[in-house]
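This report goes through the structure shown below.

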Amino acid sequence: MKTEAAALERIERRDPLRGFGGLLGVELRVWFPWRVLFLIAAGLVVFALIYLPWRGFEVNQLGPLMIGFLAFWIAILLVSSVALTEGAVLGEIERGTASWLVAMPIARPAVILAKFAAGAVGLAVTVFATGGAVYPVLADAAKRGITEFRAEAVFELASQPIGQWGAYTRLPSWGIYIAMLLSLWTLLLFFAALMMLLGSVVRSRTAVFGLGLVAAGVILATGVLVGSAAPASPAGIARAVIDIAQGKEAALITPVIGTLLATAVALALAVWAFNRRELT
Amino acid sequence: MTVPAIEIRQLKKRYRKVEALRGLDLTVDQGSVCGFLGPNGAGKTTTMKILMGLIQSSSGWAAVLGDDVRDAGLPARARIGYLPQDPVFPQYQTVRGVVASVARLYPGHPRGSELKRRVDDLIDRVGMTDKARRRVRGLSGGERQRLGVAQALVGEPDLVILDEPSAGLDPMGRRDMLSLIEEISSQATVFYSTHILDDVERISDTVVMISKGRAVAQGSLDDILTVSGSDYAVRLRGKTSGIRDRLTAEPWVGGIDVRMHAEIEDWRIRLTDESAADRLVPLLVSDESCDVIEFHLSDRRLEDAYLDLVGADDGD
């Protein structure tokens, strides 16, 4: 047997990414194709359920369609992210696969980072495939809204600044739309990191799932429903996306930077906690 | 001087209120096949998990292949193959997929056709060639165990740690597993835990017995059998109650097992002090109410030693 000395010398004692590539391949198979297809299908079904009744409206306006879709889509993505990642770390520990993995020449940080990276890729494909499929329909809907006349709108126009209400929502340009999707993806990255952290620290999957749902609820409540979220927080992204859907001007940079920082902190804490975790 | 494959000094591990290891000392020399014996809850799996870096000791020191386990890092783990007690693998992967993906995690692993050859060779060695395309979720417990051994060997380790490798196997599977361990031992040090004493007698050259988190005996099989005392087989005829009482009262008699066949009794007398054997025969023949028909040193089995050593510790 005897592993070659030269090969062993190539392994750094504390290489934090040792085994990352191999694990990423395994983790990507967890996401592709079924998880990602399920998430894309869920988003498209939600859109269809809102779009089909919307077509029967007497006066077609883009605002209700965009706001309705984005609010429900964000909710579904957040809850699905929680449901699909609650067992990513703790499930592996409970099943014993985590022990099996770290008994091999794999760095513990690589386990967490590979799971996060696979989730990031899966969620990116989900967000951009669903968002990309929906955009042409939104563009078509925008044309309908503009071409149809609504008498009340004239009075409303007189009293309100243009772009304040959903009734006057204009279709975001491709650039803004992509920025919205990127922001939404950033929000999901934060959730993936948060679930990794919870899985590394908490010892009950029910508790991990429950805490994840609470976090999703807080973001939906403060970002989508009430709109009171701090701009530099993950909920600030949800708020900014809904603002844009309402035709308001919203800065995405601040919430995205804040969320990326929060994601990095959550991920670093997850790695630290998993490094110290006893795999009994 | 060759460093031991495993060296443990005063290792302690406490899980909240439970003291799993209470100052364990053991040494496993390179090239040996060491059976790690002990009752349930004695600390075998805890010891192996500490050696693999899965859990941390509360105090004490442990080293594998000369590296302190707290600081061994990835190079040391690349030289160790490990089979956990209940091996679990990704359910969707095939047998070949598991072995190949594990192989790719080791440094200097072969690629392409050479990788395929090594994987197929290992699958063949564990007798799973006909199941190579089967998914893990469709495997029986014994098949998962054999897959576990294959993945433990795929990195061509210098030390193989197997936690109850023959647990859950049928007699044929157990026989194959023992043959496999014997085969591995020609290339690597093997440290394995088990409850099956016959297996240890068949394939181990050294034994460590553990009870309540401490080693109660370790050494070669012969050493263990000697240290734990000697057994003498005696066949008697007549009234034996008197001599039995006198023997039981002697401090150097560890116990007497009696089997009765009509007018004949077969005794197995365990001596705790080998030097007392000289006093045994005169004592036996001094009793005129019975005749000694046969007397000889009995073949002592590991089971006897185990029951003496671990049983005595249980009685503490």
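## Glycine 219 of chain B

B:Gly219 lies in strand S10 (residues 214-220) of chain B. The model is predicted: local features need pLDDT of at least 70 and side-chain atom pairs count only at pLDDT 80 or more, while totals for chains, interfaces and linings use all residues. Residues are numbered from 1 along each chain as its sequence is written, and chains are lettered from A and ligands numbered from 1 in the order in which they are written.

B:Gly219 counts as partly exposed because it has 15 C-beta neighbours inside 10 Å. The cut-offs are 20 or more other C-beta atoms within 10 Å for buried, 12 or fewer for exposed, and partly exposed in between, with C-beta atoms placed from the backbone. Leaving out residues up to four places away in sequence, B:Gly219 touches B:Thr206 and B:Ile224; a contact means that the C-beta atoms, placed from the backbone, lie within 7 Å. From B:Gly219 to B:Arg22 the separation is 197 residues in sequence and 20 Å in space, C-alpha to C-alpha.

## The two chains

Chain B has eleven helices and 14 strands. Its C-alpha trace spans about 80 × 45 × 40 Å along the principal axes. Of the 316 residues in chain B, 44% are buried. Among contacts in chain B between residues at least 6 apart in sequence, 70% join residues at least 24 apart.

Chain A has twelve helices and zero strands. Of the 280 residues in chain A, 43% are buried. For chain A, 78% of the contacts between residues at least 6 apart in sequence join residues at least 24 apart.

## Where the chains meet

The contact between the chains takes 29 residues from chain B and 29 residues from chain A. On the side of chain B that touches chain A, the elements giving two or more residues are helix H2 (73-77) and helix H3 (95-103) of chain B. The largest share, four residues, comes from H2(B).

By class, this side of chain B has 17 nonpolar, six polar and six charged residues. Ala, Val, Leu, Ile, Met, Phe, Trp, Tyr, Cys and Pro count as nonpolar, Asp, Glu, Lys and Arg as charged, and the others, Gly among them, as polar.

## Two helix pairs in chain A

Helix H4 (residues 62-85) and helix H9 (residues 174-201) of chain A pack at an angle of about 25°, with axes 10 Å apart. Axes are lines fitted to C-alpha atoms, for helices over the stretch in contact, and angles run from 0 to 180 degrees between N-to-C directions. H4(A) and H9(A) are therefore roughly parallel; angles under 35 degrees count as roughly parallel, over 145 as roughly antiparallel, 65 to 115 as roughly perpendicular and the rest as oblique. A:Ile74 and A:Leu77 are among the H4(A) residues in this contact, and A:Leu184 and A:Phe191 are among those of H9(A). The contact has nine nonpolar, two polar and no charged residues.

Helix H11 (residues 234-245) and helix H12 (residues 253-276) of chain A pack at about 150°, with axes 7 Å apart. H11(A) and H12(A) are therefore roughly antiparallel. Residues in this contact include A:Pro234 and A:Gly236 in H11(A), and A:Thr254 and A:Pro255 in H12(A). The contact of H11(A) with H12(A) has six nonpolar, four polar and no charged residues.

Conventions. Contact = placed C-beta atoms within 7 Å.
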